[in-house]
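Here is a friendly tour of a protein fold, meant to be read with the structure open beside it. Please keep the viewer at hand.

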Amino acid sequence: MNIALLQQLCETPGAPGHEHQVRALIESEIEGLFDEVSTDPMGSLLCRRDARVGDAPEKIMLLCHMDEIGFLVSHISDQGFVSVQPVGGFDPRNLFSRRVVAATADGLLKGVMNPGGRPVHISKPEDRKKVPEISEFFVDFGLGEATKDHIAIGDPITMDEPFIEIGDKIVSKALDNRIACWLGIEAMRGLVESGAAHVREIHVVFTVQEEVGLRGARTSSFAVR
């Protein structure tokens with residue numbers, strides 16, 4: 001198994017609507033595996049391998065979404081603190097002191113996310129029991145007043161975490177659903193390398209915007225049908 005590819009897929013940022021880096025990585029890996037590859041207007045990557053035996057073959061479709069939950073920059077204060085709008089479902093309890101990365105026009109920029117308010121050692125007991133709303137979190141990129149020169153409203157932000165192996169398990173951000181992208185690629189690689197004369201038309205579609213409503217899956221399913 002090509003675990004290095006899974007690591008690349010997981011560590012590549014791709015918030016909903018901003019999956020282009022993940023798509024480019026997949027395109028580089030699937031060369032020669034399909035008879036036709038196209039990108040639809042939403043950004044989903046539609047890949048078809050024709051049946052090698054028989055006429056009017058049954059279609060099989062694998063849907064693998066490329067996006068991961070993330071944020072969009074919604075405001076930048078004069079001091080350089082960045083407020084965000086979530087795209088996808090988050091549990092705010094998991095967002096304290098998290099490292100994140102913004103995909104900007106100039107490249108990737110790393111920062112740290114935390115909620116506003118007093119630190120735990122000087123906060124009141126009742127404040128420590130409260131779980132902040134996502135609207136109370138901000139990102140500090142360490143640039144101060146120069147932040148606006150590097151980050152724009154609408155820039156996507158995702159978690160910045162390493163892919164690690166723990167015993168016989170793996171831990172990473174974006175396993176939902178980069179592991180399906182990995183399986184789609186490796187399954188087709190295995191099929192092609194086996195030389196099997198398969199009787200079905202196989203579609204592997206790497207879809208966009210699953211985390212905000214299955215949008216790419218809906219449109220590409222109609223296209224394949």
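## Ground rules

This is a predicted model, in which local features need pLDDT of at least 70, side-chain atom pairs count only at pLDDT 80 or more, and totals for chains, interfaces and linings use all residues. Residues are numbered from 1 along each chain as its sequence is written, and side-chain values use heavy atoms, with hydrogens and water left out.

Helices (H or I, at least four residues) and strands (E, at least two) are DSSP runs numbered from the N terminus. Two strands pair if DSSP finds at least two bridges between them. Axes are lines fitted to C-alpha atoms, for helices over the stretch in contact, and angles run from 0 to 180 degrees between N-to-C directions.

## The open sheet and its helices

Let us begin with the open sheet, where four strands follow the order β1-β2-β12-β3 with mixed pairing. Its edges are β1 (36-39) and β3 (59-65), each of which pairs on one side only. On average, neighbouring strands of this sheet are turned by 15 degrees against each other, direction ignored. Helix α2 (residues 20-29) packs on the sheet and touches β1, β2 and β12 (contact means heavy atoms within 4.5 Å). The direction of α2 makes about 20 degrees with that of β2.

Within the sheet, β2 (residues 45-49) and β12 (residues 201-207) are antiparallel partners over five bridges, and C47 stands opposite V204 in β12. Helix α5 (residues 215-224) lies across β2, β3 and β12, and runs at about 160 degrees to β3.

## The closed barrel

Six strands make a closed barrel in the order β4-β5-β8-β7-β6-β9, and their pairing is antiparallel. From one strand to the next, the twist averages 45 degrees.

Strands β4 and β5 are joined over six bridges in the antiparallel sense, with V82 in β5 as the bridge partner of I76. These two strands form a hairpin with four residues between them, and G80 in the turn has a positive phi of about 100 degrees. V82 also stands opposite V139 in β8; three bridges join β5 to that antiparallel strand, β8 (residues 137-140). Strand β4 also pairs with β9 (residues 156-159), antiparallel over two bridges, and here L72 stands opposite P156.

## An aromatic pair

Rings of Phe, Tyr and Trp (its six-membered ring) pair if their centres lie within 6.5 Å; planes under 30 degrees apart count as stacked, over 60 as edge-to-face and the rest as tilted. By this rule the count is three aromatic pairs. The rings of F71 and F90 have centres 4.3 Å apart and planes at 15 degrees, so this pair is stacked. It links distant parts of the chain, 19 residues apart: F71 belongs to β4 (residues 70-76), and F90 to the loop between β5 (81-87) and β6 (98-104).

## Two pockets

A pocket, on a 1 Å grid over the protein atoms alone, is an open set of points where a 1.4 Å probe fits, with protein on both sides within 12 Å along at least five of seven lines; lining residues have an atom within 4 Å of a point. The largest pocket is lined by 15 residues, and P115, G116, R118, D127 and P132 are the closest to its centre. The elements giving two or more residues to this lining are β7 (107-115) and α3 (125-128).

The second largest pocket has 16 lining residues, with I69, F90, M159, K173 and A174 nearest its centre.
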